[in-house]
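I opened this notebook to record what I looked up, starting with charged pairs and then turning to the nonpolar cores and the surface.

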Amino acid sequence: MSVTHGKMGLSLTQEILSHLGLANKTAAWGTLGTLRTFLSFNVDKDVQRLLKAIAGQGVDRIAILDVLTNRSREQRQLISRAFHERTQQGPGSAEDVALEILATRTPPQLQECLAVYKHNFQVDAAEDIKSETRGILRDLLLALAKGGREAYTGIIDYNLAAQDVQALKQAEGPSTERTWVLVFTQRNPEHLIRVLNQYQWYTGHELEKTVRARFHGAACVALLNLALVIRNTPMYFADKLHQALQETEPNYQALMRILISRSETDLLSIRAEFRKKFGKSLYSSLQDAVKGDCRSALLALCRAEDL
């Protein structure tokens with residue numbers, strides 16, 4: 001995709017999203033509106049289709065219009081938010097890579113990464129995080145870099161889970177970022193899964209909905225990614241691999257980093273989640289998208305086709 005085509009497609013999509021959001025009534029059965037709620041709506045599939053529409057040699061205007069003129073106002077708002085999250089912070093940004101490493105490595109692996117970072121760059125990673133990021137994103141990354149997440153003891157603390165749920169419910173207003181940082185970076189994953197489930201039971205909606213309403217930009221993306229890591233780490237990596245393969249040129253650094261780092265831990269689970277969500281195996285996707293010398297190495301790491 002040329003730079004001109006890419007900018008044209010992104011601008012067209014964003015312009016339509018912004019104008020369609022002005023409708024003040026939701027189309028529904030029995031009204032005089034021309035739009036009705038799309039019954040088979042899937043925000044991830046729609047965003048993927050929009051991204052694919054602007055990623056080719058030319059802009060697929062038909063695909064863009066088909067999605068954006070056949071969704072209700074609420075559905076378009078979800079698409080708009082997800083689309084901006086995806087285009088504001090891609091899978092290769094420094095912040096995204098930092099979050100991936102800090103949130104998914106074991107304590108010994110994390111300490112080794114931080115030691116190598118200091119040796120190679122003659123500065124602590126924390127100092128670079130302080131200088132290159134700001135706000136809650138900086139606080140999240142610094143807290144994760146400290147490696148202070150509690151270890152799972154096998155004992156379920158129901159009272160603490162209930163306290164965390166209440167704290168997050170009360171932290172929906174301004175100046176409450178510290179609560180989000182504390183819960184997301186200090187509690188062990190097993191505890192956090194219980195918190196996420198109880199939050200949904202008490203409020204009637206997933207915590208991610210609150211995150212999207214409460215935060216914006218890189219901070220929102222970081223918290224959503226942390227929530228996905230907690231809920232389903234293989235799915236988190238399946239999404240990142242899919243994003244890396246959807247770019248005009250595959251993001252070879254992201255593909256190599258993920259396949260190498262997960263090849264001895266959970267790559268089989270990642271492959272299963274990839275096929276389940278995207279309807280195509282990771283192996284076939286790599287075969288179709290990757291060219292050159294990296295192709296054989298990536299396929300060897302992936303190992304086999306998933307039928």
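Entry 1: I began with R257 and E100, both of which are buried (buried meaning under 20% relative accessible area, exposed over 50%, and partly exposed in between, with a 1.4 Å probe and protein chains only). I note that this is a predicted model, in which local features need pLDDT of at least 70 and side-chain atom pairs count only at pLDDT 80 or more, while totals for chains, interfaces and linings use all residues. Residues are numbered from 1 along each chain as its sequence is written, and side-chain values use heavy atoms, with hydrogens and water left out.

The side chains of R257 and E100 form a salt bridge at 2.8 Å, N to O (a side-chain nitrogen of Lys or Arg within 4 Å of a carboxyl oxygen of Asp or Glu). Because R257 lies in helix α15 (residues 252-262) and E100 in helix α5 (residues 94-104), the pair ties together parts that are 157 residues apart in sequence; helices here are DSSP runs (H or I) of at least four residues, numbered from the N terminus.

**Entry 2: the surroundings of E100.** The relative accessible area of E100 is 0%, so this residue counts as buried. I found a polar contact between the side chains of E100 and K240, at 3.4 Å (a pair of N or O atoms within 3.5 Å; within protein, one must be able to donate a hydrogen and the other to accept it, and residues adjacent in sequence count only if both atoms are side-chain atoms). Leaving out residues up to four places away in sequence, E100 touches R105, Y236, F237, K240, R257 and I258, where contact means heavy atoms within 4.5 Å.

**Entry 3: other salt bridges.** How many salt bridges does a search of the whole structure find? I count from the search 17. In one of them, K130 pairs with E127, the closest N and O atoms being 3.7 Å apart, and both residues lie in helix α7 (residues 125-132), three residues apart, about one turn of the helix. K130 is partly exposed at 44% relative accessibility, and E127 is partly exposed at 41%.

I then looked at K277 and D239, whose side chains meet in a salt bridge of 2.9 Å, N to O. This pair links distant parts of the chain, with K277 in helix α16 (residues 267-278) and D239 in helix α14 (residues 233-246), 38 residues apart. K277 is partly exposed at 30%, whereas D239 is buried at 14%. Salt bridges that share partners also join D96, E100, K240 and R257 into one network.

**Entry 4: nonpolar cores.** The largest nonpolar core has 36 residues, and those with the most contacts inside it are I136, L140, W180, F184, L207 and V211 (a core being a set of buried Ala, Val, Leu, Ile, Met, Phe, Trp, Tyr and Cys residues joined through side-chain atoms within 4.5 Å). The elements giving two or more residues to this core include α5, α8 (135-145), α10 (177-186) and α12 (207-214). Setting aside neighbours within four places in sequence, I find L207 in contact with L168, W180, F184, L196, Y199 and R231. Another core, of 21 residues, lies apart from the largest one and has I258, Y283, L299 and C302 among its members.

**Entry 5: L114.** Residue L114 sits in helix α6 (residues 107-121) and, beyond its neighbours within four places in sequence, is in contact with A125 and A145.
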